[in-house]
Amino acid sequence: MSAPAAPRKAVAAEGYQALWSHNKDTGDVFKQTSDDIKEERKAAAPVMTNYYYDLATDLYEYGWGTSFHFARMFTGSSFASNIARHEDYLALKLGLKPGMRVLDVGCGVGGPLREIAKFSGATVVGLNNNQYQVERCKMYNKKFGLEAITDVVKGNFLEIPFPDNTFDAIYSIEATCHAPHPSQVYGEIFRVLKPGGKYACYEWCTTAKYDENDREQRLAIHQIEEGDSIPHLYRTYESLAAVRSVGFDVIEEYDLADPEFNKPWGAQTPWYGPLAGIMANYSVDEFLRYFRSSKIGGTITDVFVSVMEFVGLAPKGTKAASQTLITASEGLVYSGKKETFTPMYFFLGKKPEA
Ligand SMILES: CC(C)=CCC[C@@H](C)[C@H]1CC[C@H]2C3=C(CC[C@]12C)[C@@]1(C)CC[C@H](O)C[C@@H]1CC3
């Protein structure tokens, strides 16, 4: 884990926690998720998510790697190949080819961007609003000799810094859920996509099984929102309506986490398996990697970083980051088991030619 400048994480921890402190002392999840509080977080969304990634990026890389997303975990495949397959699936659906110019909206430190560039030969440009992640992405693109077919630009996906009709294809992986409302970011994606171009998305959503009046289910969804900087998690049907409302023709849409959908695809362990210690493939290497993301691994990391911060060897804010991610993990595993949440609601949209 690299230790960036101390003040950045300390400021981020303070700013982020302030946005999630409303009614915490009441212990009442309904009060913590009231409409007016959510409106405040929606208004602060770009700043809030910048704080979040200032805090979480180092731990993400340590515990997960450079591709910040979940995947279908096919039994017998390694974690890395399951993650890469999930990325290549988008390249296949978009029909990416050498010579095409593609935008990755909310690219993180660029794990997916580099895989998709290598898989397809297309030129992939990442868009990211977090300066630290942009720098990490640039560094990796150079390190892996991919500068000719990759790039990364700092910018807000609510105001994408490119002219209309720029890209041949666009994708986003578990990123647009940071927006106050999905239609805002889908509208921008529609604008910068060329007519006839396709947009593929993995969206974070609540499912039809989610009962927002059930206290335990609501708490777990709130834990996901708090632990992952999401102003509000929308339903799958709301995301679908949003992508249609900005002008896309939807060619395909389904929940890749739905066990029914997955029946013909062969044996899988759950997408949240790495957080719950459920391994898709057994080997010593895989054990170490699963251990880092599991509950027990996360707890050990938490104790370690707390001590490091206390003695001044880790920047202030590191402990807050670790605890935020433990909250995320609890909500994700609970909601994953109940099937009230999916991190892979997939849709493929086309911008009409005319
Ligand atoms: C925030 C969004 C929209 C996407 C990121 C999805 C995942 C990559 C992260 C969600 C929860 C994260 C946790 C970790 C890594 C990245 C996530 C899986 C850890 C395993 C990192 C190491 C810590 O000690 C425990 C974390 C648990 C949560």
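## Ground rules

A residue counts as buried when its relative accessible area is under 20%, exposed when over 50%, and partly exposed in between (1.4 Å probe, protein chains only). Helices (H or I, at least four residues) and strands (E, at least two) are DSSP runs, numbered from the N terminus.

Keep in mind that this is a predicted model: local features need pLDDT of at least 70, side-chain atom pairs count only at pLDDT 80 or more, and totals for chains, interfaces and linings use all residues. Residues are numbered from 1 along each chain as its sequence is written, and side-chain values use heavy atoms, with hydrogens and water left out.

H10 spans residues 236-245, and its buried residues are Thr236, Ser239, Leu240, Ala242 and Val243. These cover an arc of only 160° around the axis (taken from the directions from the helix axis to the C-beta atoms), so they sit on the same side of H10.

Just after H10 comes Gly247, with a positive phi of about 125°.

## What covers H10

The cover over the buried residues of H10 includes helix H8 (182-192) plus strands S6 (193-206), S7 (249-255) and S9 (341-350). Contact here means heavy atoms within 4.5 Å.

## Strand S9 and its partners

Of the 10 residues in S9, 9 are buried, so the rest of the structure largely encloses this strand. Strands pair if DSSP finds at least two bridges between them. S6 and S9 run antiparallel, joined by 8 bridges; Tyr199 has Gly349 of S9 as its bridge partner. S7 also pairs with S9 in the antiparallel sense, over 6 bridges, and here Tyr254 stands opposite Phe346 of S9.
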